[in-house]
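Visitor: I have a structure open and would like to go through it piece by piece. Can I ask you things as I go?
Guide: Go ahead.

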Amino acid sequence: MALSLWKTPLLLLGSVFLLQSILTAESVPKPGEIVVLNVTNNSISLEWGEPPNVNNIHYSFNIIYNSTAELKTITTETNNTVLNSLTSGTSYTVKVVTIDVNDTASDPVVKNIFTAPNPVSNATVSNRTTTSITLRWNQPFGYRPDYTYKVVLSDNLRTKVTADEVIVFMNLKPGTEYTFSVFTLVAENTSADPVNISTATVPSKPGAIIVTDVSNSSISLSLGNPANMTINQYNFSISYGIASDQIKSSTESTNFTTIQGLQSGTNYTISVTTVIPAGVGSEAVVLSQFTKPNEVQNVTVVTVTTNFIILQWMKPVDHKEGYRYMILTEGNPPPIDNYGNITVEFENATIKNLTSGTSYSFSITTFVADGTRANPVKTLSYTNPNPPGPITVTDFSNSFISLKWDAPLGMDDGSYTFKITYKNGSAEMFMTVNSSSAI
């Protein structure tokens, strides 16, 4: 019983101290709400409201902040501070308490705040098409598994969030420049400084490329517009060359161009791409086209008979292996059995199956492998007429002789005359008649 009596004062004394402590804590007003002013990857700037009813009373603030790895305390007499030397992308629990002159602390105001994560590194364009762009990047320094990434397309046109270090934007316009901003995100949408990438989609390839004119030194082209692009958005890049020559190029802003200074009779490979100011080029449209060869020289008729004519000429200037020659023959009647249009490899040709005593026009044209032709060179010639039929003396006297003969074979009446040559003593005489008899 005595033991119980001496314990009673101790219990009462403890209760008094506990009550005094409660009353003292409640008498120190706590700060106002914490407001985050700025966050970086290694600092947090914050302020808080003044505690109420503390006019002319001296007080300070303790700021206790901790993550899973550290606990620190700082003291300030102002209602704002900057927490430095923090770890990026980390959640900190920040407590602010009011401290009076007796070092009595108020109840804390508490806020959980993330530092900003570090930005991604090595952000690049890994692929692009006419309507899509693929971006890749490396994880930021201090990466944590709960990080995500926000990618914003130019002027907030589109925003995507991903947990991977790669993202694809689809349904873009061809040949268009875009800027992408990549943010590292932690909880509560706290983000790193953005890493910006400016790039462009691939422009559409040119439309149909049409050869509008060819000479022995130039090729003219019509260039079709690329699909889904405006005329002031692009230029055309034209590259051309031959196997034995250096590739040359030019840029054209209109839909028509003429490539000049070319070799005659030569096969050129021409590649046309759409290019935009960002330097991105489209898929190429490629075609092969020969320039015209030069025309043949010095066409001559070397042999004439009643039913064939042999022609000969000199090679054209800048002759190349593989040249061939087309000979087109026109006359009335024309040659038979397809001899009106023949092709030869050498610089001579025999035109057969002609009609005797007939005028013919010959056009000799150089051409190359794809059928591109030089300007034709023309010449005219008659075949020899057939001789008259047998001559018959139908009458004679001391002053005349009457003759008759058959018309020449294969010749229409009226398409010829006859020349009669005779001698009177030592003198040679001749006469011309239109019929098949003479006196």
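Visitor: Which strand does Thr329 lie in?
Guide: Thr329 is part of strand E24, which covers residues 324-331. Keep in mind that this is a predicted model.

Visitor: Is Thr329 buried or exposed?
Guide: Thr329 is buried, because its relative accessibility is 5% and the cut-off for buried is under 20%.

Visitor: What does Thr329 touch?
Guide: Setting aside residues up to four places away in sequence, Thr329 touches Pro335, Tyr339, Gly340, Ile351, Tyr360, Ser361 and Phe362.

Visitor: Which peptide bond is cis?
Guide: The one from Asn332 to Pro333 is cis, with omega near 5 degrees. Pro333 sits in the loop between E24 and E25.

Visitor: On to charges. How many salt bridges are there?
Guide: The count comes to three salt bridges. In general terms, side chains of opposite charge can pair when their charged atoms come close.

Visitor: Which residue does Arg324 pair with?
Guide: Arg324 forms a salt bridge with Glu345, at 4.0 Å from N to O. That pair links distant parts of the chain, 21 residues apart: Arg324 is in strand E24, and Glu345 is in the loop between strand E25 (341-344) and strand E26 (348-351).

Visitor: How accessible are those two?
Guide: Arg324 is partly exposed at 33% relative accessibility. Glu345 is also partly exposed, with a relative accessible area of 48%.

Visitor: And what does Lys320 pair with?
Guide: Lys320 meets Asp318 in a salt bridge, at 2.7 Å from N to O. Asp318 is in the loop between E23 and E24, and at 36% relative accessibility it counts as partly exposed.

Visitor: What is the phi of Asp318?
Guide: Asp318 has a positive phi of about 60 degrees, although it is not a glycine. Asn171 has a positive phi of about 60 degrees too, and it is not a glycine either.

Visitor: Where is Asn171 found?
Guide: Asn171 is in the loop between strand E12 (166-169) and strand E13 (177-185). Asn171 is exposed, with a relative accessible area of 68%.

Visitor: Back to the salt bridges. What does Glu70 meet?
Guide: Glu70 meets Lys72, with 3.9 Å from N to O. Glu70 is partly exposed at 24% relative accessible area, and Lys72 is partly exposed at 33%.

Visitor: What does Ile238 touch?
Guide: Leaving out residues up to four places away in sequence, Ile238 touches Leu223, Lys248, Ser249, Ser250, Glu252, Thr257, Ile259, Ile270, Ser271 and Val272.

Visitor: Where does Thr274 lie?
Guide: Thr274 lies in strand E20. At 0% relative accessibility, Thr274 counts as buried.

Visitor: Which backbone oxygen does the Thr274 side chain reach?
Guide: The side chain of Thr274 reaches the backbone oxygen of Ser204, at 2.8 Å. Not counting residues up to four places away in sequence, the residues Thr274 touches include Pro203, Lys205, Pro206, Met229, Tyr234 and Phe236.

Visitor: What about Lys315, where is that?
Guide: Lys315 is in the loop between strand E23 (309-314) and E24. Lys315 is partly exposed, with a relative accessible area of 44%. Leaving aside neighbours within four places in sequence, Lys315 is in contact with Gln297, Tyr325 and Glu347.

Visitor: Last area, the surface. Which residues form a nonpolar patch there?
Guide: Val393, Phe396 and Ile401 form one, with about 320 Å² of accessible area together. Ile401 lies in strand E30, residues 401-405, and is partly exposed at 47%.

Visitor: And Ser402, buried or exposed?
Guide: Ser402 is buried, at 9% relative accessibility. Ser402 is found in strand E30. Its C-alpha is 8.5 Å from that of Thr392, and Ser402 and Thr392 are 10 residues apart in sequence.

Technical notes:
Residues numbered from 1 in each chain as written. Predicted model: local features only at pLDDT ≥ 70, side-chain atom pairs only at ≥ 80, totals over all residues. Heavy atoms only, no water. Patch = residues over 30% accessible without salt bridge, like charges linked within 9 Å, V, L, I, M, F, W, Y side chains within 5 Å. Areas by Shrake-Rupley, 256 points an atom, 1.4 Å probe, with all protein chains shown as cover. Salt bridge = Lys/Arg side-chain N within 4 Å of Asp/Glu carboxyl O. Helix = DSSP H or I, 4+ residues; strand = E, 2+ residues; numbered from the N terminus. Buried < 20%, exposed > 50% of the residue type's maximum accessible area, 1.4 Å probe, protein only. Contact = heavy atoms within 4.5 Å. Polar contact = N/O pair within 3.5 Å; in protein donor to acceptor, adjacent residues only side chain to side chain.
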